[in-house]
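Q: I have a protein model to read. Where do I start?
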Amino acid sequence: MLLLAALPVGAASADEFTDSADITHVEAVRMLTDLGLLSGYSDGSFRPDVPVTRAQIAKLIALLSTESPAASGAADFADVAEDSWALSYIDYCAAQGIVSGSGGLFRPDDPVTALELCKMLLVVLGNDPARYTGAGWDENVRTDADSCHLLREFSGSVSAAVTRENACLLILNALQNPAVHGFDENGRALYVLDELRNPRTYLEVRFDAVRYSGVVAANDAGNLTDGAAPEAGMTRLAGYNRDFAIATDRALLGRMVNIYVQNRQVLGVPCEALEETSDVFTRADNLRQLLQVSDYTLSDAAAYYYNGARADSSLLLTLAGSYTVTVLDYTGDLTIDAVLIYSE
């Protein structure tokens, strides 16, 4: 059974599960465990590939929406017993238009598909549930899910049963979207704004977290700045005069991330920005080919890094042998903002 409740003291975090080596989306699983939304099985495992049922996801979605989901009597499904552990959660979600049944049945033990989960998450974010009912609901869900980057890094079939860790991935992607509080007369979303009138993510609003966004400038794997390296186990973001108490590796160095802090503690691990896109090559020539055959352009202000240290564009002209070249577009505008090169 998927354990969806506040974590007891001492419960395992994502890197402490007995099968943590089998978890691909560590950042998503850890974020949800840190938020107290899920834990593992009694044997200490997480079982990332186990499908999630509709009843289980109803509980998680209800807790994503509010701390105390209350039954309202909206659910009237013949296959949900009055003494079911999931009744209040299903009832809450049905009242909010987050879930619905078919033919008077909810099918609580059936697996939920990735597309169905996307529909629920879109409603949680504040979108109109009427858009996701009736003919064409699935096309509308897919369109809006793509717009919100809900399926970022998801590689499965949207019509297949979603696994535990893929459910965590979709939920984390949703949490990083702006929270919607209404719509204007033209149907445009109105977002919850901070004091600088920037949209606040759902994670910030629902869990009272503070978001810090920036490029990972220094960590245990390297230092892309001109200043001193941070202490071991700390991560530095460009643009901030403080370091964050979370260890990160080479994979995040130079990447655009969001770090969420709640009660002065980092939640989960840094989350890659949803808008960021990247490509990885083994030869510098591949970058030139990308620029020739695609709409990508290389920014004049692009930053270059070699083996975790600052470099300049002339490095591309002298590379020989085997290298890993990663190009990053931080905002998804088809402009390459950074080039990271590592010798093999």
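A: Start with contacts. A contact means heavy atoms within 4.5 Å. This is a predicted model. Among its contacts with a separation of 6 or more, 61% join residues 24 or more positions apart.

Q: How many helices and strands does the protein have?
A: The protein has nine helices and 13 strands.

Q: What radius of gyration does the protein have, and what would a compact globule have?
A: A compact globule with 344 residues would have a radius near 20 Å. The protein has 22 Å, which agrees. Its C-alpha trace spans about 70 × 50 × 40 Å along the principal axes.

Q: What share of the residues count as buried?
A: Buried means under 20% relative accessible area. Of the 344 residues, 48% count as buried.

Q: How many salt bridges are there?
A: A salt bridge puts a side-chain nitrogen of Lys or Arg within 4 Å of a carboxyl oxygen of Asp or Glu. By that rule the count is 16.

Q: Where do Asp34 and Arg30 lie?
A: Both lie in helix H1, residues 26-34. They are four residues apart, about one turn of the helix.

Q: Which parts does the pair of Asp226 and Arg310 tie together?
A: Their side chains meet in a salt bridge at 3.6 Å, N to O. Asp226 lies in the loop between strands E4 and E5, and Arg310 in strand E11, so the pair ties together parts 84 residues apart in sequence. Asp226 counts as exposed, at 71% relative accessibility. Arg310 also counts as exposed, at 53%.

Methods: Residues numbered from 1 in each chain as written. Predicted model: local features only at pLDDT ≥ 70, side-chain atom pairs only at ≥ 80, totals over all residues. Heavy atoms only, no water. Helix = DSSP H or I, 4+ residues; strand = E, 2+ residues; numbered from the N terminus. Rg over C-alpha atoms; globule rule 2.2 N^0.38 Å. Buried < 20%, exposed > 50% of the residue type's maximum accessible area, 1.4 Å probe, protein only.
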